[in-house]
2 protein chains.
Amino acid sequence: MEKSVFKTVAVVGASGAVGRIILELLEEREFPAETFRFLSSARSAGTDLVFKNQDYVFEELTKDSFKGVDLVIASTPDDTAAEFLPYAVEAGAKVIDESGYWRMHEEVALVVPEINPEAALNAKGIIASPNCSTTQMVLAMKPLYDISPIRRVIVSTYQATSGAGLVGTEDLIHSSQARLQGEEYDYKVFKQPIAFNAIPQIGSHKQDGYTSEEMKMVNETRKILGDPNIMINATCVRIPVWNCHSESITIETETPISPEQAREAFAAFPGIEVIDDLETGQYPMPYNSDGSDEVYVGRIRKDISHPNGLTFWCVSDNLRKGAATNAVQIAELLNKHYK
Amino acid sequence: MEKSVFKTVAVVGASGAVGRIILELLEEREFPAETFRFLSSARSAGTDLVFKNQDYVFEELTKDSFKGVDLVIASTPDDTAAEFLPYAVEAGAKVIDESGYWRMHEEVALVVPEINPEAALNAKGIIASPNCSTTQMVLAMKPLYDISPIRRVIVSTYQATSGAGLVGTEDLIHSSQARLQGEEYDYKVFKQPIAFNAIPQIGSHKQDGYTSEEMKMVNETRKILGDPNIMINATCVRIPVWNCHSESITIETETPISPEQAREAFAAFPGIEVIDDLETGQYPMPYNSDGSDEVYVGRIRKDISHPNGLTFWCVSDNLRKGAATNAVQIAELLNKHYK
């Protein structure tokens, strides 16, 4: 096993949709540490889990949980992250946070390792992982941005129910079954029916008619690319797909980028894979992106409505690169750097 | 019953997804005619149907079918429309065509009655009804265009399986059932799985990386609005919804239109209904637009990425206003005019 600078690693929220995958990834990718600890809400505390063929018990998350912890990877609701992660920083741990709470705080680093690893390495406190819909878009933007600064983005999303947690996916499955049988279903998470429907709202109203999810795509993208001048217009839509977000993206760059240039730049960039042959029906789709750590790009073409425009389609597993994988990659980055 | 200028009306392709609704509408809206005839392929010829509580038999469509016919409403595959409709024109009938074949022919009128009724009235030959994804978008564009010319449109669609015909919807239902039960399913129409998936291709590759469906949205919109200079960039995506297309639309106008102005203009325009209150979760969705003849618009907001931009969400029943309703409205327009 690779040597770790982190003797004790604590995973917070390991029983959630993203948390479960963080555990899988730490196992699969053999993340090195002497001790792993698993922190959860009081409700789950005391229940068992198996990690790397060893038995563990969830410990209740308190403000004293982080003594002796070197690295924290947290995937919790915003209010939990707000309340407890400052104690982890105070206890001297490196903290990687999946929640939305800390991302836009000035002193917090917002990191996609392929784009701005230096932000993670220079971070004094919390290192936040972006919102799932941001991560795949900003990763796809970066190789283009490196050719010519992106001035404007118009994005419409096709987001999976897993983004609303395990219960989101249960809602989709059970409501679809009910609908096919002509039965009623009481939704647990969704306020509008998701079975065989499209809901043009994710999150709550944030500002100027845009939702919180849409404004995350605006503000987080600017912060990660370090460019407050990129103009971004997002429309976030939930569709009846249980995992993997899709995005229809149009960008305008300072100087034109041809589809061929873009295809080459995408293909050469870490974490991105190009699937792009319309003639033979080859393009990324949710059903064949599930379980993968890549961001897939296809339908790459000149935006015929603007001389400096480029349009493409982007799909990624929102629980993996959109969340768990990105967090674990940040942990690996820190481990490699401090070793 | 209202008097008709059309003594004999022939409906071609009345057993298809759109054809069935054309019959419903002719009944419901009491379209006046002395004689109705129903033409079909040789395969369906001889089978019975009931219309306005009377028994009819499908007659085989041949080049001699149109003798004595005053009005033809046709909803057929492109090749059928290409082969047979010229005989209808030759026989002196007014011809309303739902297929894609004739729309862009120079001598053919392409009509949305709320937008360009004069094109239908001046038509010498075939009057075509636009593609479903075009109709709802162009109708929503018109009241804005009347305030300030639209220079650019970026649209991403969320299209229902009913657009691929009755078998398209059967594919969705059966494949969803199979997927929920962990079984395989052999698709009849879709080349890619549609159950719990999103397919970023509708139609075949047409030009420059755009599909035929996407280029229909470009070319038909320009023709209907009579403005060849509007720049349009479309991404057409099939999602697992059985009826009603949704569209995420961003426009740029010559001078800015405020969301308030847009909301008023939409609300005042025939055929459009505004459902727009994000705070209380009010916006158009496929599940509550099914069976309606309106084009619903919501999520109306300033495009925060462009000073002259406006963004909105638009849903309509693609079998009705997107097809059958528009065709019957054209027939009603002609009847009213020539009376």
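I count a residue as buried under 20% relative accessible area, as exposed over 50%, and as partly exposed in between, with a 1.4 Å probe and protein chains only. The model is predicted, so I took local features only at pLDDT of at least 70 and side-chain atom pairs only at pLDDT 80 or more, while totals for chains, interfaces and linings use all residues. Residues are numbered from 1 along each chain as its sequence is written, chains are lettered from A and ligands numbered from 1 in the order in which they are written, and side-chain values use heavy atoms, with hydrogens and water left out.

**Entry: the two chains**

I looked up how the copies are related. The same surface serves both copies, since 100% of the contact residues of chain A recur in chain B; contact here means heavy atoms within 4.5 Å.

**Entry: a salt bridge between chains**

I use salt bridge for a side-chain nitrogen of Lys or Arg within 4 Å of a carboxyl oxygen of Asp or Glu. Helices (H or I, at least four residues) and strands (E, at least two) are DSSP runs, numbered from the N terminus. I found 33 salt bridges over all chains. In one of them the side chains of Arg301(A) and Glu214(B) meet at 4.0 Å, N to O. This pair crosses between chains, from strand β16 of chain A, which holds Arg301(A), to helix α6 of chain B, which holds Glu214(B). Arg301(A) counts as buried because its relative accessibility is 1%. Glu214(B) counts as buried too, at 0%. I also followed salt bridges that share partners: they join Glu24(A), Glu28(A), Arg29(A), Asp293(A), Arg320(A) and Glu332(A) into one network.

**Entry: salt bridges inside chain A**

I checked Glu220(A) and Arg103(A), whose side chains meet in a salt bridge of 3.0 Å, N to O. Glu220(A) is in helix α6 (residues 212–225) and Arg103(A) in the loop between β7 (94–97) and β8 (109–110), so the pair ties together parts 117 residues apart in sequence. Both Glu220(A) and Arg103(A) are buried.

I then took Asp276(A) and Arg263(A), which form a salt bridge of 2.8 Å, N to O. Asp276(A) sits in the loop between β15 (272–274) and β16 (295–302), Arg263(A) in helix α7 (residues 259–268), and the two are 13 residues apart. Asp276(A) is partly exposed at 21% relative accessible area, and Arg263(A) is partly exposed at 28%.

**Entry: helix α6 of chain B**

I checked the length of α6(B), residues 212–225. The expected span is 1.5 Å times one less than the number of residues. For its 14 residues that should give 20 Å, and the end C-alpha atoms are 20 Å apart, which agrees. The helix is mostly covered, with 10 of its 14 residues buried. Among them are Met215(B), Met217(B), Val218(B), Ile224(B) and Leu225(B). Glu220(B), in this helix, counts as buried at 2% relative accessibility. Leaving out residues up to four places away in sequence, Glu220(B) touches Arg103(B), Met104(B), Leu110(B), Pro130(B), Asn131(B) and Thr134(B). Just after α6(B), Gly226(B) takes a positive phi of about 65 degrees.

Most residues other than glycine have a negative phi. I noted Phe196(B), which is not a glycine but has a positive phi of about 50 degrees. Phe196(B) is in the loop between α5 (166–180) and β11 (205–207) of chain B, and counts as buried at 5% relative accessibility. I also noted Asp208(B), with a positive phi near 55 degrees. Asp208(B) is in the loop between β11 and β12 (210–211) of chain B, and is exposed, with a relative accessible area of 52%.

**Entry: Phe36(B)**

I found Phe36(B) in strand β2 (residues 35–40) of chain B, buried at 6% relative accessibility. Residues up to four places away in sequence aside, Phe36(B) touches Val9(B), Leu26(B), Phe31(B), Phe51(B), Lys52(B) and Tyr56(B). From Phe36(B) to Gln54(B) I noted 18 residues in sequence and 10 Å in space, C-alpha to C-alpha.
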